[in-house]
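This report describes some features of one protein model.

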Amino acid sequence: MTAPLRPRAALATHDVFNMPPHIGDRDLWAEDAALRDGVRREGAAWAEARIAAFGRLIGRAEMAEKAEQANRHGPALKPFDRYGMRIDRVEYHPAYHDLMALAVENEVASFAWNHAGPGAHVGHMALTYLISQVECGVMCSMAMTYAAVPALRASPAIAEAWVPRVLSNRYDGRDVPVEDKSGGAIGMFMTEKQGGSDVRSNSTRARPADGAADGSWRLVGHKYFCSAPMSDAFLTLARTEAGISCFLLPRWTPDGARNAISIHHLKDKLGNRSNASVEIELEDAWAVMVGEDGRGIRTIIDMVQGNRLYCAVSSAALMREGVAQALHHTRHRSAFQRRLADQPLMRNVLADLALEAEAALALGLRVARAVDEAGADRQARALARIGTAIAKYWVCKRAPGHAFEALECHGGPGYIEDGPMARLYREAPLNSIWEGSGNVLCLDVLRAMARDEDAAPALLAELDAARGGHPALDRAADALRDDLSRPEAFEPGARTLTERMALALQASLLVRHAPAAVADAFCAGRLGARWTGAYGTLPPATDTDAILARALPAG
Ligand SMILES: Cc1cc2nc3c(=O)[nH]c(=O)nc-3n(C[C@H](O)[C@H](O)[C@H](O)COP(=O)(O)OP(=O)(O)OC[C@H]3O[C@@H](n4cnc5c(N)ncnc54)[C@H](O)[C@@H]3O)c2cc1C
């Protein structure tokens, strides 16, 4: 543990007081009761020691400092070397590489596959949640690498070569062929200029390579959003005579040459600045097909599903960080002769933020458990499918407003880049946009119900498990059951429907598993007729003492 920083408080004209101390080292596991309960409840108790150790490690002040540096000194594109040769290299600050190494060594990209079995995805998502509280830029690579595994397995020869690289716990950030590295990372190139949500409009073309004995293809076209472009290979979509197909596109070809992937420029993003996102052209690039010709969307959809669960859990992590920072600040700041955290209206806001964060985490871990159980259980498979879409939509949609409120709890300093809140605020909308933006997710909820007769029953079974726990939840569940029996005219109301599903699911989890103060306040606040979505509007009877003591022990 490093000693807390002690800046000089006596200045020439005044002493500095009524300012919070630096938050210093934190133990992100020990201070998070909802995480501890969730990990144990959803089947990953066996991984507790690993997750706890990671929570202590990633909570150190030094990690927050590295995250700050990696974002402040973002990546730079180096398209050519000194002799004018194309290298299309993106260079990162050393702090980015340090955080990547830390993540890879702690299996943030590989835990679910390296420890396959009950609780594996729950444990994986717990690690995701811990590091996402500190830095989300490196998580883009972690999430895509994790989520690529099921798609890679669609072609046994590709899986044999690539899955061991992806599951390695050794980070190797060098720009060299993957055969010479101790581990590999995977990215995903789907989005093109004319269509991101609608990938069927992809225009990149693929043709079998002339006379190639290796069964390879050549790709010509562009991709408009390509994150983590120094990954070792990318899953991408291109059009063959059979239709849209999925390809593995390595950054280096097997004969040791740079693949014909030209990076045009780095995108200047609102947030997520430690992570590079680029535009590229594929100029007869070497690739191999993954899965069946013409069935590329089917092949890559498993990757998309994994990324969507990541987005939901990562947004829960942003909320958690907002709650921790807001509580720290308001517990050390006074106004009108009273600590902010003791003032009734501020307590309402803080408690409301804490409820949102706990409900978001509970939903993410419940869906992760369904993913763990999906192989052997039909109902779990259905819940994993529809629950991922519901969680991705709702948790990611709530995150920007949550970040804003947590920022506002800091007053003016919240808006200043010196602290963590401004970065958190800029990060918050992204999970809602990539991997399917809000409307697309709500339409996916409808699609899940239309294609899988088990989807709605799996959702309702979750709600039934909490029946009798709170009258507002019983009413919400009954109304949903009624509406789900008449699915014809859902499309214009898909957001309302998905929101109702998400709130009912979250409420059912809290009613069953959280302390009564948390569950009652969530049901009374969120399921009541008067809820507008604004924070700080919990009913006056809310037990804010209990909610805030659970959210973060007073330090
Ligand atoms: C920082 C960043 C990094 C990214 N990295 C990657 C990456 O590495 N790889 C990659 O492939 N992509 C990446 N993306 C792209 C991202 O996945 C897409 O931007 C996203 O899927 C939306 O596609 P689009 O931008 O083309 O928007 P559009 O498809 O044009 O959608 C615009 C809006 O219309 C809505 N909409 C679409 N269809 C419907 C409908 N039928 N009914 C109602 N509303 C609808 C959407 O929800 C959205 O709100 C990245 C994006 C960002 C911002």
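## Aromatic pairs

The model is predicted. Rings of Phe, Tyr and Trp (its six-membered ring) are taken as a pair if their centres lie within 6.5 Å; planes under 30 degrees apart make the pair stacked, planes over 60 make it edge-to-face, and the rest are tilted. By this rule there are eight aromatic pairs.

One of them joins phenylalanine 189 and phenylalanine 234, with 4.1 Å from centre to centre and 20° between the planes. The pair is stacked, because 20° falls in the class of planes under 30 degrees apart. Phenylalanine 189 belongs to strand β3 (residues 186-189) and phenylalanine 234 to strand β6 (residues 233-240), so the pair links distant parts of the chain, 45 residues apart. Phenylalanine 189 has a relative accessible area of 1%, and phenylalanine 234 also has 1%. Both values mean buried, because the cut-off for that word is under 20%.

## A pair with a lysine over it

Tyrosine 224 and phenylalanine 225 have ring centres 5.2 Å apart and planes at 75°, which makes the pair edge-to-face. Tyrosine 224 is partly exposed, with 29% relative accessibility. Phenylalanine 225 is partly exposed as well, at 42%.

Lysine 267 is placed over both rings. Its charged end is 3.8 Å from the ring centre of tyrosine 224. For phenylalanine 225, lysine 267 lies over the face of the ring, at 4.2 Å from the centre.

Elsewhere, Tyr393, Trp394 and Trp531 are linked by ring pairs into a cluster.

## Helix α7

Helix α7 (residues 137-152) has 16 residues, and at 1.5 Å a residue it should span 22 Å. The C-alpha atoms at its ends are 23 Å apart, which agrees with that expectation. The helix is mostly covered: of the 16 residues in α7, 15 are buried.

## Around the ligand

Which residues are closest to the ligand? The ligand is surrounded by 20 residues, and the closest are Met188, Met190, Thr191, Ser197 and Ser227.

The elements that give two or more residues to the shell around the ligand are β3, β5 (217-227), α13 (430-433) and α14 (438-451).

Conventions. Residues numbered from 1 in each chain as written. Predicted model: local features only at pLDDT ≥ 70, side-chain atom pairs only at ≥ 80, totals over all residues. Heavy atoms only, no water. Helix = DSSP H or I, 4+ residues; strand = E, 2+ residues; numbered from the N terminus. Buried < 20%, exposed > 50% of the residue type's maximum accessible area, 1.4 Å probe, protein only. Lys NZ or Arg CZ within 6 Å of the ring centre and 35° of its normal. Expected span 1.5 Å × (residues − 1). Near = heavy atom within 4 Å.
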